[in-house]
Amino acid sequence: MADKVIYAMYDDDDVLKDGAKKLVSKGVKINEVFSPFPIHGIDPIIGIKNTRLGIMAFLYGLVGLTLATVGMRFFMIVDWPMNIGGKPSMTYMDNMLAFIPITFEFTVLCAAHGMAITYLIVNKTLPGMPAQNPDPRTTDDKFVMELRLSENTSFSSSELEKMLKDTGVIELDLKEI
Amino acid sequence: MHKEAAIREPLILGHKTYHDITEDVCRPIEDKAPRTWYILFAIALIIGLYGVGCILYLLGTGVGVWGLNKTIGWAWDITNFVWWVGIGHAGTLISAVLLLFRQKWRMAINRSAEAMTIFAVFMAGLFPLIHMGRLWLGYWVLPLPNQFGSLWVNFNSPLLWDVFAISTYLSVSLVFWYIGLIPDFATIRDRAKKPIPKRMYSMLSFGWSGRAKHWNRFETVSLVLAGLATPLVFSVHSIVSFDFATSVIPGWHTTIFPPYFVAGAVFSGFAMVQTLLLVMRKAMGLEAYIHKKHVEYMNIVIMVTGSIVGTAYITELFISWYSGVEYEGYAFFNRATGPYWWAYAAMMTCNVVSPQLMWFKKLRTSLLFTFIISIVVNIGMWFERYVIIVTSLHRDYLPSSWSMHFPSHIDIGVYVGTIGLFFVFFLLFARFFPVLALNEVKSILKSSGESYKNAPDKHHNDDPTPDAPKVEAASPAAEEVKKEIKSEVPKAKSKGLSAEEKKAKAGVLISKLGEGSAETKDDLKVISGVGPVLEGKLNEIGIFTYGQVSKMTKDEYDLLDELTSSFPGRAERDDWAGQAKELMNKSNS
């Protein structure tokens, strides 16, 4: 079944936020908000959970830490122990201080790049992807709220439009997708 | 929403709207480049190509073309390397450390500072690469399995740490920068009219759409990357300093090097940011976003880091005497009084004396003075590295091999060439990339924009918040700030016209432009720069048609500015009259 989408455009982030609060309290499900910059505090209102990318970064960092440790132990202790001025180099712990800088750098490298790549993939923002914002002005100074009729079956489209008009929208648009 | 104390100076001057920010940043990208851009670009390109020529000659002939000798085996090459890496420290420091400290003023400068960082690290990376002599064997610095059995690179060596540090720093800075750029590329994409730029920017913007969930992730990623980049910034220059500190050369073998190098790096990096931004804000008309307050904040950073560097110099001198090590003592005595005394004197004046002048508010808020000091500091920081490297080497343990260093023309050519290449990159950046972090600047407009700050209630008629930060007349500090701002932006004074005056002025304006009526009304919103709100205001005054607008000249613009008081200078800049004429011609034909 073809779904219908209502796009409600606002010209102020705070007006949109207040509007969203009112709509949600009436039981309207807001599917998406498009904005030119992050609107602080909108996520809990429209039911978006906080991202877990921070945890991912930590895990990627652990991977980097492990790789660096295992790698350097193999290169410098197991495979080819270097005799540097007769200093002890028989165990990893003997030599560990000299390995700290690279361990740190490699941890950061893996955490940062792992997180950045994950971010781009889960966002589906990759080179060549088409833009999906409903109106080109949403990257300039307009804020758009997207409602789906299929997710708001208890309201008719005219009811939704009427409620939206009370929240100070500047433009309303109904589209089939 | 983030609230800010009323006595804090606004970070965005004038009466900007979200759309104005987009316009101000995107216009230089969308318009034709001014002639000066082409001239500067040509000069930078010629110098850069000369540098590339020198590098190619060096690669073909060998490192012997540098002015090195048996005693001084490291001179300009490593000096330039450390100098560029140092400059490359400000960008990430601004965007990462200041993000963690929630310093909002970073938002206007972080984008270009990061670009500067990346280009500076490119230039820095060139030197170790060409220093290898055989550039094509550069991959030998990586721990790769090889034909020599299990011979690995030496993980105990600071030079290898450097490889990891610089490449991590470069790639992480690049990613950090690009992730911030994606939403701004999307803004340019959605405004682009010509097909080729549209295609280019839609590729660069990765299909960014500004969904709420994406912004949520964006903010977390920025924060975590900032958290990761902060220790990274400090580690990079610490590791660069290990190249020297872990050696046994008197003058290099000091434990003070890591913190002192980091402070020096921040010091020179901020100076370079000042040099570039003071020119850029003028050339690109960004005075409302990067203004005196930003310059002052950066000058304070320069002053603090400059003082740390000065303290380190003096500590070094003291310790060289106090340690009782003759070699150490001589290295420093020779630096200050030996044949390289002039380099030492240049370093001391530029790096120790000049930042102390920033204690005077008059000086640190003067743009011209700041510009001069920023160049002085960069000269000083180049000499610092030169002094550390060359003067420690030129009189070694064996007096019969004492020597002096004279740069060859290749030395000079490569160095000057990297400056040229750096500006080639930076000019390209300023031409095609959004030089301000649009999305970040927009997010602070309401808390730190001048018009919002001085009249916070006007914009929240629907939701009067009693705790909104009013500009209290009771607070003398607030009054003072207000006065200062007003003197900076004289046009803002006209805000308070009485109703009668307005009426009279509107009458004068209409008598000049001719009567119009709501019946023959044209769609004024078509004129670039006029939105629905402004159209309403124009209609209120009595301006309805293109015909009326096309008759406007300087006098009328000024009158209009006084009446609407919303966008001073706006009408003239966008040439409404010219636009209206064109629209009239179109509708007639």
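**Note on the predicted two-chain model**

1. Helices here are DSSP runs (H or I, at least four residues), strands are runs of E of at least two, and both are numbered from the N terminus. The model is predicted, and local features need pLDDT of at least 70, side-chain atom pairs count only at pLDDT 80 or more, and totals for chains, interfaces and linings use all residues. Residues are numbered from 1 along each chain as its sequence is written, while chains are lettered from A and ligands numbered from 1 in the order in which they are written.

2. A residue is buried if 20 or more other C-beta atoms lie within 10 Å of its own, exposed if 12 or fewer, and partly exposed in between, the C-beta atoms being placed from the backbone. Among the buried residues of α4(B) are B:Leu93, B:Ile94, B:Leu98 and B:Leu99. The buried residues of α4(B) pack against α5 (110-131), α6 (158-191), α8 (212-245) and α9 of chain B.

3. Helix α9 (residues 257-283) of chain B also packs with α10 (residues 292-322) of chain B, at an angle of about 150° and with the axes 8 Å apart. The pair α9(B) and α10(B) is therefore roughly antiparallel. That word applies to angles over 145 degrees; under 35 counts as roughly parallel, 65 to 115 as roughly perpendicular and the rest as oblique. Axes are lines fitted to C-alpha atoms, for helices over the stretch in contact, and angles run from 0 to 180 degrees between N-to-C directions. The crossing of α9(B) and α10(B) is left-handed, that is, the near helix is turned anticlockwise from the far one by less than a right angle.

4. On the α9(B) side, the residues that meet α10(B) include B:Tyr260, B:Phe267 and B:Phe270. The α10(B) side includes B:Met298, B:Ile302 and B:Ile308. By class, the contact of α9(B) with α10(B) has 14 nonpolar, four polar and no charged residues. Ala, Val, Leu, Ile, Met, Phe, Trp, Tyr, Cys and Pro count as nonpolar, Asp, Glu, Lys and Arg as charged, and the others, Gly among them, as polar.

5. Chain B as a whole has 24 helices and zero strands, and 46% of its 589 residues count as buried. Of the contacts in chain B with a separation of 6 or more, 81% come from residues 24 or more positions apart. Two residues are in contact if their C-beta atoms, placed from the backbone, lie within 7 Å.

6. An automatic or database domain assignment supplies the domain bounds. Chain B is divided into domain 1 (18-445) and domain 2 (496-588), and the C-alpha centres of these domains of chain B lie 49 Å apart. For chain A the assignment gives domain 1 (4-50 + 135-176) and domain 2 (53-123), with C-alpha centres 46 Å apart.

7. At the interface, 56 residues of chain A are in contact with 54 residues of chain B. On the side of chain A that touches chain B, α4(A) gives the largest share, 17 residues. The residues of this side of chain A divide into 36 nonpolar, 13 polar and seven charged.

8. B:Thr520 lies in the loop between α19 (499-513) and α20 (532-541) of chain B. B:Thr520 counts as exposed because it has 9 C-beta neighbours inside 10 Å. Leaving aside neighbours within four places in sequence, B:Thr520 is in contact with B:Phe544 and B:Thr545.
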